[in-house]
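This report describes a single protein chain for a reader who has the sequence and the coordinates to hand.

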Amino acid sequence: GGFGVDFSLATDDFKSGIDLVSQKVLSHGVTSFCPTLVTSPPSVYHQVLPQISIRNGGPHGAGILGAHLEGPFISKEKKGAHPEHCLRTFEAGAFQDLLATYGSLDCVRIVTLAPEMKRSSEVIRELTKRGICVSLGHSVANLSQAEEAVQHGATFITHLFNAMLPFHHRDPGIVGLLTSDKIPAGQRVFYGMISDGIHTNPAALRIAHRAHPKGLVLVTDAIAGMGLAPGRHTLGQQVVEIDGLNTYIAGTKTLSGSVATMDTCVRHFQEATGCSVETALEAASLHPAQLLGIEHQKGTLNYDSDADFLMLNDSLYVQATYIAGEEVWRQDALGM
């Protein structure tokens, strides 16, 4: 979420909330995005998902590519800011359990799950069969479990290094997918990174980027407090405290999402890695488009693509945002 809107809260004016966020992110260079729901009770998915519709962007706001459902089929040990009482497993009916929990997959684009869960392989196969991207995260999976998930169709890693086993030389866990030799031919594993200067040390960002530059996707992991003053805000079922760029579950030191905007993440990534401007921009445009299989429409300036583009200054601050060739936001002379 962002700007006071929490996509994991079922409200009567959910649609106006999503409209507000898609309007506000234009100034941060976002032309389309995946609204994300954190682990929630089934009733929330049943209320919220029917209100998310995939749509093109324009002067009204950034396009919506489909929802990202982060949980509830994730690990208790690595739940991070997700409420433990809402976590679920695939024990009984596997894919049917997932359908019953979410209610509908019509607008769903990405599902994050923990691949070490029993029967996750069949769930991954069913989701990928439906064109839904499966991402591995909030997990204690070892490398062979992660490789098996990729062999069944998983293509993404949710915020690398965060909420997973730390890299260990004898079993590198999910992080090992970046250099694994067990990835099926022709398949690329992408990985999201929260490049906000808090979630990942710049050295870890550099290690991942050098190990697998073509798979890096910048993600904001933004919560409702993005764009708001420090203080108390919500994240789904929980209260979080914002202190500068740090966001914690209230009363703890558990990181809970980010308040960094996408343009901030791009600038931090470029600064931390010393990569070229093109490389930094591709991590926020081409790579996410490739991950979702829409690179013929988005993420490039090729002939016949969607003509979503930005004008940036030399320091990578957004000057103007265009969607389908039309200017939808411009920095005014006062710099507002």
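Helices (H or I, at least four residues) and strands (E, at least two) are DSSP runs, numbered from the N terminus. The model is predicted, so local features need pLDDT of at least 70 and side-chain atom pairs count only at pLDDT 80 or more, while totals for chains, interfaces and linings use all residues. Residues are numbered from 1 along each chain as its sequence is written, and side-chain values use heavy atoms, with hydrogens and water left out.

## Overall form

The chain contains 9 helices and 15 strands. Its radius of gyration, taken over C-alpha atoms, is 19 Å, close to the 20 Å given for 336 residues by the globule rule, so the chain is as compact as a globular protein of that length. The globule rule is 2.2 Å times the number of residues to the power 0.38. The C-alpha trace spans about 60 × 45 × 40 Å along its principal axes.

A residue is called buried under 20% relative accessible area, exposed over 50%, and partly exposed in between (1.4 Å probe, protein chains only). Of the 336 residues, 53% count as buried. The chain exposes about 14600 Å² (Shrake-Rupley method, 1.4 Å probe), and carbon and sulfur atoms supply 51% of that area. A contact is a pair with heavy atoms within 4.5 Å. Among contacts with a separation of 6 or more, 64% are between residues 24 or more positions apart.

## Annotated positions

UniProt positions are given in the numbering used here, feature names are shortened, and annotations may be inferred rather than shown by experiment. In an unreviewed entry, UniProt places the feature "active site" at Asp221. The annotation "binding site", also from an unreviewed entry, covers Glu70, His138 and His159.

How is Asp221 placed relative to the strands? Asp221 is in the loop between strand 9 (216-218) and strand 10 (231-235), and with a relative accessible area of 22% Asp221 is partly exposed. Leaving out residues up to four places away in sequence, Asp221 touches Glu70, His159, Ile194, His199, Gly257 and Ser258.

Glu70 belongs to strand 4 (residues 67-70) and is buried, because its relative accessibility is 4%. With the residues up to four places away in sequence set aside, the contacts of Glu70 include His82, His138, His159 and Asp221. His159 lies in the loop between strand 7 (156-157) and strand 8 (190-193) and is buried at 6% relative accessibility. Beyond its neighbours within four places in sequence, His159 is in contact with Glu70, His138, Met164, Gly192, Ile194 and Asp221.

A nonpolar core is a set of buried Ala, Val, Leu, Ile, Met, Phe, Trp, Tyr and Cys residues joined through side-chain atoms within 4.5 Å. The largest such core has 84 residues, of which Ile52, Leu113, Leu127 and Leu177 touch the most other members. Helix 7 (residues 262-273) supplies the largest share of this core, 5 residues. A second, separate core of 10 residues includes Leu65, Ile110, Val217 and Ala289.

Helix 7 has 12 residues and reaches 16 Å from its first C-alpha to its last, close to the 16 Å expected at 1.5 Å a residue; the expected span is 1.5 Å times one less than the number of residues. Helix 7 is mostly covered, with 9 of its 12 residues buried. The cover over its buried residues includes helix 6 (202-211), strand 9, helix 8 (277-282) and strand 14 (318-323). Gly274, with a positive phi near 70°, follows helix 7.

## Backbone details

The peptide bond from Gly71 to Pro72 is cis, with omega near 5°, and Pro72 is in the loop between strand 4 and helix 3 (95-102). Ala94 is in the loop between strand 4 and helix 3, whereas Ala307 lies in the loop between helix 9 (286-291) and strand 13 (309-312).
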